[in-house]
Amino acid sequence: MRFARTIAGMVLLALGVPALLAGAGLWLAAGHADPDGGFGARFEPVRTPARAVLVTDVDALLRTDLPVARTGQARLHLTARDDHGPVFLGLAPADEVRRWLADVPHSTVRRVAVTRGPLPVDLDPATAGDGVAVPLAQPFWVREGIGSLEWSPPELGGRSLSLVVMRVDGADGLDLRMRGELRAGWFPGLAWALLTGGTLLVVLAVVVLLRPLRPREVVFVVEPDQVPVLAGRLGVTSLSGLGRQPGPASRPERHLVAVGSGAHGRTRAAIAPPPGRCPDDQD
């Protein structure tokens, strides 16, 4: 029983402590949210001589760099502009975008590092080509906007969609200043749930590990005709007196008395030293 309680307490601790730490981390992160509940960050400036900046697979990029954006009802909001004003942002099927930009110089985003401060953007060099593309004339956009774009990654999850950022007229040379914002309404609720659940698990583990065990009770099951025999072997007159400690007044006094007299009238002790060996035994 003690071994089972120890294992149960350790399992509860193993579940409760990580939940408590995760809840505390989310709660601290929630303190950095914007007044509207979103988490915003600026990107480092993106400069390229190409005509477009391309994210080949948006879902794969989020899965690697920002997996929290793919859960629940999270929404992403991007804003972008350059020296000439707001730029075009669009989401479209990856195969359509690949064919459309085949001869158009473009730079591909490898990854976006999610860190404190401006977010670094790893960009591949611009591809070669002399093609021209005007984004507003294309019919394959799933989401599009000028200056800003908002969508829910969970709603579009599982689809291979590319993000394209370029000037409205398709001119070359981009010096982008971008900002992203993530809104996740479940964030505070998850933090509270982890804090509450982790605290309860830790408290329960402490109770299980530190609660003293009850002493065992010994139960004798005997036939009725064997009761006097069992009582005699246990040294009691009846089983009702089992476990009862006799008081000092009820304990009989025991004395050592002389058991006989010697040949010369001297008494002999009740417990005498062992007799010596007889002379005949020495032979």
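Ring pairs join Phe88, Trp100, Phe140 and Trp141 into a cluster. The model is predicted, and the count of aromatic pairs in it comes to four. One of them is formed by Trp100 and Phe140, with 5.8 Å centre to centre and 70 degrees between the planes, an edge-to-face arrangement. This pair links distant parts of the chain: Trp100 belongs to helix 3 (residues 94-100), while Phe140 sits in the loop between strand 8 and strand 9 (143-146), 40 residues apart.

Burial can be read from relative accessibility. Trp100 has 15% relative accessibility, and the cut-off for buried is under 20%, so Trp100 counts as buried. Phe140 also counts as buried because its relative accessibility is 15%. The rings of Phe140 and Trp141 form another pair, with centres 5.0 Å apart. Their planes stand at 55 degrees, so this pair is tilted; an edge-to-face pair would need planes over 60 degrees apart. Trp141 is buried, as is Phe140.

The other feature to follow is the largest pocket, which holds about 1,000 Å³ of space. Its lining is made up of 36 residues, and those closest to the centre of the pocket are Phe39, Ala41, Leu66, Val114 and Leu119. By residue class, the lining of the largest pocket divides into 28 nonpolar, five polar and three charged residues.

Several elements each supply at least two residues of this lining. Among them are strand 1 (38-42), strand 3 (52-55), helix 2 (58-65) and strand 4 (75-82). Strand 7 (106-112), strand 8 (121-123), strand 11 (161-166) and strand 12 (174-183) also each supply at least two lining residues.

How values were computed
Residues numbered from 1 in each chain as written. Predicted model: local features only at pLDDT ≥ 70, side-chain atom pairs only at ≥ 80, totals over all residues. Heavy atoms only, no water. 1 Å grid on protein atoms, 1.4 Å probe; cavity = no way out; pocket = protein on both sides within 12 Å on 5 of 7 lines; lining within 4 Å. Points joined across faces, edges and corners; volume = space filled by probe spheres on them. Helix = DSSP H or I, 4+ residues; strand = E, 2+ residues; numbered from the N terminus. Nonpolar A, V, L, I, M, F, W, Y, C, P; charged D, E, K, R; others polar. Phe/Tyr/Trp six-rings, centres within 6.5 Å; stacked < 30°, edge-to-face > 60°. Buried < 20%, exposed > 50% of the residue type's maximum accessible area, 1.4 Å probe, protein only.
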